[in-house]
Amino acid sequence: MRLQLMTWQEVETYLKRSTGIIMPIGSAEQHGPTGFIGTDALCPEIVADKLAEEVDAIVAPTISVGMAQHHLGFPGSITLRPSTLISVIGDMVTSLARHGFDRFYFVNGHGGNIATVKAAFDEIYSESSLGTARHNRAGLRCVLRNWFQCPSVNEIEATEFGDANGSHATAGEVSLTYFGYPEDGERISSAAKLSPEIAPEGSFYDCEDYRRRFPDGRIGSDPTLATAEIGERLRAAAVKDLAADYKKFLEAE
Ligand code: NI
């Protein structure tokens, strides 16, 4: 269940049976001509809602803006500096820790967040290691799982899209959002004809450099292959892998 749809008494009751919480985190950045700007936040949210049902967990409010400086060459993209995102994560975790949550399961939708999220975890651990943590709180544990790297997800993508899945505005992530938001998916996919069909691969520096190398925003992908039906299967695959992993995370010594 979503934290935002609960009462404080319900949260208090939940804490008697579990101290785990699912933390969806994503980004607000262009996803090519056929993908939503919210793709990277919508995907972990779609997965997290179903995952929470499977494992009886609470889903925290999605951190839906991430570290996306390289996408700022495209209208609508928003970034937090790494230092800002580290503060956001630290304050959210510390708020929830005050109430007794101590197992934080981040489900991430954006590769560009990974380094910063890991740095945020080290900032959190540094507080207890250096003896500066408040409230005599228990040892906190945070893990980061990228839904798009779940083995069962990658199997489906390999079968359905092969090399055309790509690495940004992937056919897989676009499929998952079309499943979650079918009417809007219909709207943005209907007029799509992309050239070249499969976008170039490569690396980049800042946002000017990114737009010069990847003029329509995609990297390595042909997201016109995306369908809501495949998206539904991708959600089931991600939930299967993450449910097993979440249970292990809570049970670990
Ligand atoms: Ni993405």
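His31 and Glu173 both come out buried, meaning under 20% relative accessible area with a 1.4 Å probe and protein chains only. This is a predicted model, so to speak of local features takes pLDDT of at least 70 and side-chain atom pairs count only at pLDDT 80 or more, while totals for chains, interfaces and linings use all residues. Residues are numbered from 1 along each chain as its sequence is written, and side-chain values use heavy atoms, with hydrogens and water left out.

His31 sits in the loop between β1 (20-25) and α2 (39-55) and Glu173 in helix α6 (residues 171-180), so the pair ties together parts 142 residues apart in sequence. Helices (H or I, at least four residues) and strands (E, at least two) are DSSP runs, numbered from the N terminus.

Turning to the aromatic rings, the whole structure holds 10 pairs; rings of Phe, Tyr and Trp (its six-membered ring) pair if their centres lie within 6.5 Å, and count as stacked under 30 degrees between planes, edge-to-face over 60 and tilted otherwise. Phe74 and Tyr210 are edge-to-face, because their centres are 6.0 Å apart and their planes at 90 degrees. Both Phe74 and Tyr210 are buried. Ring pairs also link Phe74, Phe204, Tyr210 and Phe214 into a cluster.

Methods: Buried < 20%, exposed > 50% of the residue type's maximum accessible area, 1.4 Å probe, protein only.
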